[in-house]
Structure formats: C-alpha cells, structure tokens
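Notebook open, model loaded. I want to go through the fold, the sheet and the aromatic rings in turn.

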Amino acid sequence: MFFGGGFPSSNVHVYSNGRMRYTYQQRQDRRENQGDGGLGVFVQLMPILILILVSALSQLMVSSPPYSLSPRPSVGHIHKRVTDHLNVIYYVADTFSEEYTGSSLKTVERNVEDDYIANLRNNCWKEKQQKEGLLYRARYFGDTNMYHKAQKMGTPSCNRLSETMKSLENFW
C-alpha cells in the first residue's frame, strides 16, 4: 500500500446449498487513485526524502575534534603537543595555535585528558577480560602452564590509569 499498491482484488467464494458459486468483485479504489500522477508518487516518497534530508543535515552539524591522541596525517593532526596537568601527548593541525588560546585551549586540553582517561579505562577493561578469560580456560582445561602465563599477564593500561588517577588526586 505504501508504494501505491493497495490490497489486491480477489474472488469472493459464496457457498449456497452445498454448491460453490463464484462472485467476482473488483475494487475501484486503485483506478481512482491512479489519476493523481506525480503528486501521489511525491507523497509516497516523502518519508524517505525526509529521512535522507535529516541524515544529511546531521552530518553537516557534526564537527571533528581539533585534536587526536595519535598522529593522523589524513586530517592534518601531525603536530605534537602535551597537556599541562597530566602530560598527555596529543596531535593537532597547523592552525591550532592560532585558533585556540586561553580558556579555549584549557577546554581542549581538558577534553584531551578526558578522552585519554576514557581510552585507558576501556583498554584496562579489555585487558582484564582477556586475563580473566585465559585464567578461566586454564582452570577449565587444567593447564598449569596456561594458568601461570595468565597470572603473569600484565595490564599496562590499568597501571597507567592508576598512575593517572593518583596524579589527578595530587593535583586537586
């Protein structure tokens, strides 16, 4: 019905005195609606056009951050900088120093540090999951070598996160 179809016309089966009789019933709705032409097609495609328009507008409103935590030459983030508080390394474009000064620079550096901490938390969680999975498999299969390997497995992101949180506590 959405694409101009409608319900198909059908034969109506009528039983009478134990015998079957066919009565053909045609729908006139479809013939009447076919006279609309381009307006009918436009109305039917309107929801799809609205979705495309909203999607395009949302892409225009999203801007990329002025920094990245790793070098990204494809977007011009090749100049290395370091935040004041946590000494987090981040990369910016050529025009960064001209565009961001004072309070806007502090806001960017706060966002850099927040992203860095969020990445550390995510990586720490992944490392813990990997270690716990290996410990579980070692116990399940009774593999002592795998168990010792899992026990020795480090979690560097968790260590860096712990150090970062301590330096934040000392700062405040």
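Predicted model: local features only at pLDDT ≥ 70, side-chain atom pairs only at ≥ 80, totals over all residues.

**Overall fold**

I started with the elements: the chain has 6 helices and 5 strands. I took helices (H or I, at least four residues) and strands (E, at least two) as DSSP runs, numbered from the N terminus. Reading from the N terminus on, I get β-β-α-α-β-β-β-α-α-α-α.

Residues are numbered from 1 along each chain as its sequence is written, and side-chain values use heavy atoms, with hydrogens and water left out.

Next I looked up burial. Of the 172 residues of the chain, 17% count as buried; buried means under 20% relative accessible area, exposed over 50%, and partly exposed in between, with a 1.4 Å probe and protein chains only.

For contacts (heavy atoms within 4.5 Å), I checked sequence separation. Among those between residues at least 6 apart in sequence, 43% join residues at least 24 apart.

**The sheet**

Which strands form the open sheet, and in what order? I find 3 strands in the order S3-S5-S4, with antiparallel pairing. Two strands pair here if DSSP finds at least two bridges between them. S3 (67–68) and S4 (79–82) stand at the edges with a single partner strand each, so one side of each is left without a neighbour in the sheet. Between S4 and S5 (residues 89–92) I get 4 bridges.

**Aromatic rings**

My pairing rule: rings of Phe, Tyr and Trp (its six-membered ring) pair if their centres lie within 6.5 Å; planes under 30 degrees apart count as stacked, over 60 as edge-to-face and the rest as tilted. By that rule I have 5 aromatic pairs.

Tyr 90 turns up again here: its ring centre is 6.3 Å from that of Phe 96 and the planes are at 75 degrees, so the pair is edge-to-face. Both Tyr 90 and Phe 96 are buried. Ring pairs also link these two with Tyr 67 and Tyr 100 into a cluster.

Then Tyr 136 and Tyr 140: centres 6.2 Å apart, planes at 20 degrees, so the pair is stacked. Both sit in helix H4 (residues 103–141), 4 residues apart, about one turn of the helix. Buried or exposed, Tyr 136 and Tyr 140? Both are exposed.
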